[in-house]
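Hi,

Here is the structure I promised to pass on.

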Amino acid sequence: MQFHHHGYVSGDPRVRPAAGTGLDRPDELPAEVDVLIVGSGPAGMLLAAQMSQFPQLTTRVIERRSGRLTHGQADGIQPRSVETFQAFGFAEEIIAEAYNIGWMNFWGPDPQNPQHIIRTARTADYAQDIGEFPHLIVNQARVLDYFAEAAERAPGRVSPDYGWEFVDLQVTDSGDYPVIVTLRRSDADNAAGGADAASAGEERVVAAKYVVGCDGARSRVRESIGCQHVGDISKHAWGVMDVLVNTDFPDWRIKCAINAEAGNILHIPREGGYLARMYIDLGAVPEDDNHRVRQTPLEVVVTKANEILHPYSIDVKEVGWHSVYEVGHRVTDRFDDVPAGEDRNPRVFLTGDACHTHSAKAGQGMNVSMQDGFNIGWKLGSVLSGLSDESLLATYTAERRPVAQQLIDFDREWSSLMARKPEEIEDPTELATYYLGTAEFPSGFMTQYGLSVIVGTDQHQGLAEGFPIGKRFKSAEVVLVSDGNTLHLGHHATADGRWRIYAFADAAAAGEPSALTDWAQWLSTSPESPVLRHTPAGADVDTVLDVKVIYQQSFEEVDVARVPETFRPQSGPLGLTDWEKAFAAAPGRDIFEERAISRDGAVVVVRPDQYVAHVLPLTATDELSDFFAQHMLAQR
């Protein structure tokens with residue numbers, strides 16, 4: 001963590017000085033806002049934390065509840081999400097609090113006594129092999145707390161406006177704030193800020209430049225822009241409950257898929273050492289049920305769980321939360337307010353359950369929703385800050401809707417496998433094989449964005465095969481040249497809205513004539529340099545593009561004084577040298593080998609949401625300049 005560059009800091013360095021709209025944030029909703037976020041779920045709160053990094057913008061979050069969420073329905077945190085938490089500054093804290101999924105065990109009928117279940121497979125969780133971050137279970141409410149804290153600590157000081165519900169909106173074709181939003185005070189029981197009964201039902205009109213609907217599966221924002229939720233509900237019901245129990249089931253603290261004559265259970269231990277969540281198969285739903293299955297009493301769900309677990313049993317001492325649902329698979333036809341065939345830039349966006357719904361058993365809902373928020377957040381910040389043209393916002397639907405469809409397809413298959421009867425299973429290890437074999441998707445690492453103005457061609461992919469273009473930047477260990485400490489290169493990038501440019505050096509030593517030194521000289525002096533072209537006048541040189549170098553030599557062999565000044569910029573009001581932009585290969589963990597990077601060097605461009613945007617040779621300066629010119633506006 002870097003601080004002191006704006007002067008001596010004696011307090012918590014994670015609390016950055018308020019700036020812009022964060023200096024005197026009004027308690028009441030203003031009449032005009034740059035971004036109005038509807039809903040304070042995972043996508044909404046990540047988006048709030050991201051927008052708080054742009055304090056020159058007015059961002060408000062409305063939530064119909066009277067305060068923070070206390071009982072979250074989602075709880076699975078995939079490795080990609082933990083990687084995202086790292087960028088927002090709270091990965092270590094939430095890992096310490098959460099349940100870490102180390103194993104997943106599989107149970108099935110005992111061939112000698114089919115009425116009893118036995119363990120059929122024990123598998124290490126996929127997170128142990130797929131990256132440096134774990135697979136976690138933690139209450140959704142706590143995830144929201146951490147994002148709320150990140151938003152309040154950032155310069156913009158964004159926090160939710162509780163007690164307001166969305167009514168409707170209209171997108172006009174004129175004015176600086178073309179989205180006209182009608183809001184209503186929640187009823188007296190839910191009114192925020194001590195509002196009395198007289199204020200319940202009060203309506204307000206807020207004009208916004210952009211609106212993001214993070215308001216769940218019954219999204220009113222979705223309805224207001226005429227989007228269609230496409231899909232269906234399968235005729236299969238599941239009960240879910242968070243329970244504190246005494247039990248003789250030996251795998252109570254291990255994630256399990258249980259397939260029995262009496263039905264199926266997905267069992268997931270939760271944080272705290274005692275709590276667990278159980279998804280209990282309630283069987284097929286008749287065609288004429290008309291959702292009556294959703295009224296199934298809790299006692300019936302507990303009884304069913306004990307039937308499936310036989311010869312083991314659970315004695316339920318307390319139920320923290322429970323529900324009954326039918327598996328639904330739906331994805332919205334578009335994720336913004338621009339109908340097919342209409343030529344304009346979007347003003348309203350949908351995220352999370354507002355645009356894709358599915359079962360909870362694949363552990364994807366909260367995770368994919370947060371990536372929706374991450375994707376649209378930096379784009380809104382860039383456009384509203386004047387760094388990029390509005391056309392950048394059209395890439396949101398283009399990138400995120402295919403991901404949602406992949407999620408629906410994956411979840412449909414996983415849900416079907418989970419709901420099978422024992423006689424339908426030929427190989428008892430099939431589910432375990434599928435779980436491990438598809439690990440890249442549920443972990444959040446399969447997403448790959450296609451060619452666009454912010455994703456380059458794969459012409460030079462061979463220079464850095466371990467950083468596939470369009471996929472998230474897979475971190476690796478390096479050594480910080482200035483102090484010799486080993487760290488993860490990707491962890492050094494925070495969710496501050498900046499692009500990263502990683503220059504992987506050719507074989508020459510630091511300061512010696514080479515392709516790298518020529519590239520660094522061009523970047524710091526040429527009028528065509530994207531750093532000079534797209535950084536606002538008077539701003540620190542790394543305000544928009546954060547440029548770093550990684551040398552092939554060990555840090556002992558790199559003379560930090562000979563590292564080009566491009567990688568030793570002076571920033572902040574005191575003009576202090578930044579010593580944390582030059583890195584070397586780690587002993588025994590050479591990043592050039594681990595990520596198959598050419599010894600001739602390479603340039604890897606990474607977006608603010610941690611996805612690789614381009615790979616180029618050190619000599620391809622024109623191509624680098626042209627790439628940024630596609631989506632960024634010249635600042636000088």
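The protein chain averages a pLDDT of 92, and 93% of the residues score at least 70. Where pLDDT is low, the predicted coordinates should not be read in detail.

On to the salt bridges: a search of the whole structure finds 45 of them. Here are some to look up:

- D12 and R153 pair up at 3.8 Å, N to O. They link distant parts of the chain, with D12 in the segment before β1 and R153 in helix α5, 141 residues apart. D12 counts as partly exposed because its relative accessibility is 31%, whereas R153, at 15%, counts as buried.
- D242 and R270 meet at 2.6 Å, N to O. D242 sits in strand β12, and R270 in the loop between β14 and β15. D242 is buried at 5% relative accessible area, and R270 is buried at 2%.
- R400 in helix α9 and D372 in helix α8 are 28 residues apart in the chain, yet their closest N and O atoms are 2.7 Å apart.

A polar atom of the D281 side chain does lie 2.8 Å from the backbone nitrogen of G283.

Finally, an unreviewed UniProt entry annotates residues 447-635 as "Phenol hydroxylase-like C-terminal dimerisation". That stretch is 15% helix and 20% strand.

Cheers

Definitions and conventions. Residues are numbered from 1 along each chain as its sequence is written. This is a predicted model: local features need pLDDT of at least 70, side-chain atom pairs count only at pLDDT 80 or more; totals for chains, interfaces and linings use all residues. Side-chain values use heavy atoms; hydrogens and water are left out. pLDDT is the predictor's confidence in each residue, from 0 to 100. UniProt positions are given in the numbering used here, feature names are shortened, and annotations may be inferred rather than shown by experiment. Helices (H or I, at least four residues) and strands (E, at least two) are DSSP runs, numbered from the N terminus. A polar contact is a pair of N or O atoms within 3.5 Å; within protein, one must be able to donate a hydrogen and the other to accept it, and residues adjacent in sequence count only if both atoms are side-chain atoms. A salt bridge is a side-chain nitrogen of Lys or Arg within 4 Å of a carboxyl oxygen of Asp or Glu. Buried means under 20% relative accessible area, exposed over 50%, partly exposed in between (1.4 Å probe, protein chains only).
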